[in-house]
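Please look at the sequence and the structure before reading on.

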Amino acid sequence: MATAAPRRFCRCACFCSQNLYVARYGLHLRFRDEQQLRRDYGSILRSRGCVTSKDFQQLLEELEQEVGRRRRLGQESAARKALIASAYHPARPEVYSSLQDAALAPEFMTAAEYSASPGADLEGLLQRLETVSEEKRIYRVPVFSAEFCQTLLEELEHFERSDMPKGRPNTMNHYGVLMHELGLDDPLVTPLRECFLLPLMALLYPDCGGGLLDSHRAFVVKYALGQDLELGCHYDNAELTLNVALGKDFTGGALYFGGLFQAPAALKETLEVDHVVGHGILHRGGQLHGARPLCTGERWNLVVWLRASAVRNRLCPMCCQKPDLVDDEGFGDGFTREEPTTVDVCALT
């Protein structure tokens, strides 16, 4: 009898040296050592305000600290997750139950059911979604009910107020929650990907691995006065992305989109997209995007980076080379080694 063997996911070694974000200079940097940094970025850094030796030394120290943080990330994240699982007391325990239909918007369920039906095609699906930009292939659809958004927000705010350890959502955001550390990957995000997003994305983005999604990285980002206010231009470490506005009351903070990061002059013409609570924006991970400054209130968004190992195993989207694989915790960065997918348990007895 053959059973599926647990898959081991990896990250690319470039994670510790590529795409190091420095907000005050608005740059993503590649960093190996001081000599390389001066050679590759000296001119542009000076043009962005890194002028004095003190400025450069401060930058150097920040980059070295960030490299160290990334190297420790998997082990420290696993430790936080274990502590949260053993000591945290949720305010809304129902959020941790298996994903229920009542949490989802009827329009989202209808679109996913259509996508999984025999004979479904892109034209039929687009009648069930809002096309934000045909050129950029950006779409919007209601994902969660208003009631579920409120319940999830109450739980996230309760966790934020707790004394539990908290990891950064990603390398650019400082405030928010990693869904796998909080224990919401298995009951919420994984079924969302496997049962609903997979058939949708297979029709919308077949050329980007939409029908081959096998892992994700999900996090909630928070924007508020005195905390993160905006997000610099970037592209995601994902084949595809879902970005759902959860609330709360706010003004400003619109998303903006350029072209694909590989394209020349990719930010010459940008498209702005306002948030609608409960609605999700679907886009390609390689689409350059960012967020305008928040003006008032608080904005919370659930972001799901959707990954297809069959695509990224050939080319890492961050270093644009064949990935140099390093074992990692959980879904890692969505890469897999070439391993058998099944184990014959009869041969083990």
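To describe how two helices pack, an axis is fitted to the C-alpha atoms of each helix over the stretch in contact, and the angle between the N-to-C directions is given on a scale from 0 to 180 degrees. The model discussed here is a predicted one.

**Helix pairs**

Helix H1 (residues 34-47) packs against helix H2 (residues 53-87) at an angle of about 125°, and their axes are 12 Å apart. Because angles of 65 to 115 degrees count as roughly perpendicular and those over 145 as roughly antiparallel, H1 is oblique to H2. The crossing of these two helices is right-handed. On the H1 side, the contact is made by Glu 34, Leu 37, Arg 38 and Leu 45, and on the H2 side by Phe 56, Leu 59, Leu 60 and Leu 63. Sorted by class, this contact between H1 and H2 has six nonpolar residues, two charged residues and no polar ones.

A second pair is formed by helix H3 (residues 106-115) and helix H7 (residues 185-204), whose axes come within 8 Å and cross at roughly 65°. H3 is therefore roughly perpendicular to H7. In this pair, H3 passes H7 in a left-handed crossing. H3 contributes Phe 108, Met 109, Ala 111, Ala 112 and Ser 115 to the contact, while H7 contributes Leu 192, Phe 196, Leu 197, Pro 199, Leu 200 and Leu 203. The contact of H3 with H7 has 10 nonpolar residues, one polar residue and no charged residues.

**Helix H5**

How far apart should the ends of helix H5 (residues 146-161) be, at 1.5 Å a residue? Its 16 residues should span 22 Å, and the end C-alpha atoms are 23 Å apart, so the two values agree. Several residues of H5 are buried, namely Phe 148, Cys 149, Thr 151, Leu 152, Leu 153, Glu 155, Leu 156, Glu 157 and Phe 159.

The next residues are each described by place, burial and contacts. Gly 210 lies in the loop between H7 and strand S8 (215-224). Its relative accessibility is 0%, so Gly 210 counts as buried. Leaving out residues up to four places away in sequence, Gly 210 touches Leu 198, Met 201, Ala 202, Tyr 205 and Leu 240.

Ala 218 is placed in strand S8. Is Ala 218 buried or exposed? Ala 218 has a relative accessible area of 3%, and therefore it is buried. With residues up to four places away in sequence not counted, Ala 218 touches Leu 178, Met 179, Asp 185, Val 189, Val 303 and Val 304.

Pro 142 belongs to strand S6 (residues 138-142). Pro 142 counts as buried because its relative accessibility is 17%, and the cut-off for buried is under 20%. Apart from neighbours within four places in sequence, Pro 142 is in contact with Ala 105, Glu 107, Phe 108, Gly 278 and His 279. Phe 108 also takes part in the contact of H3 with H7.

| Pair | Separation in sequence | C-alpha to C-alpha distance |
|---|---|---|
| Gly 210 and Pro 199 | 11 residues | 7.9 Å |
| Ala 218 and Pro 169 | 49 residues | 8.4 Å |
| Pro 142 and Ala 105 | 37 residues | 5.8 Å |

Pro 199 of the table is one of the H7 residues that make the contact with H3. Ala 105 is among the residues that Pro 142 contacts.

**Backbone features in loops**

Which residue other than glycine has a phi near 55°? One of them is Asn 19, where this value is positive. Asn 19 sits in the loop between strand S2 (9-12) and strand S3 (20-22). With a relative accessible area of 16%, Asn 19 is buried.

Cys 320 also has a positive phi, of about 55°, although it is not a glycine. Its place is the loop between helix H8 (309-312) and strand S17 (325-327). Cys 320 counts as partly exposed because its relative accessibility is 41%.

The last feature concerns a peptide bond. The bond from Gly 247 to Lys 248 is cis, and its omega is near 0°. Lys 248 is in the loop between strand S10 (240-247) and strand S11 (250-252).

Methods
Residues numbered from 1 in each chain as written. Predicted model: local features only at pLDDT ≥ 70, side-chain atom pairs only at ≥ 80, totals over all residues. Heavy atoms only, no water. Helix = DSSP H or I, 4+ residues; strand = E, 2+ residues; numbered from the N terminus. Parallel < 35°, antiparallel > 145°, perpendicular 65-115°, else oblique. Left-handed = near helix turned anticlockwise from the far one by under 90°. Contact = heavy atoms within 4.5 Å. Nonpolar A, V, L, I, M, F, W, Y, C, P; charged D, E, K, R; others polar. Expected span 1.5 Å × (residues − 1). Buried < 20%, exposed > 50% of the residue type's maximum accessible area, 1.4 Å probe, protein only.
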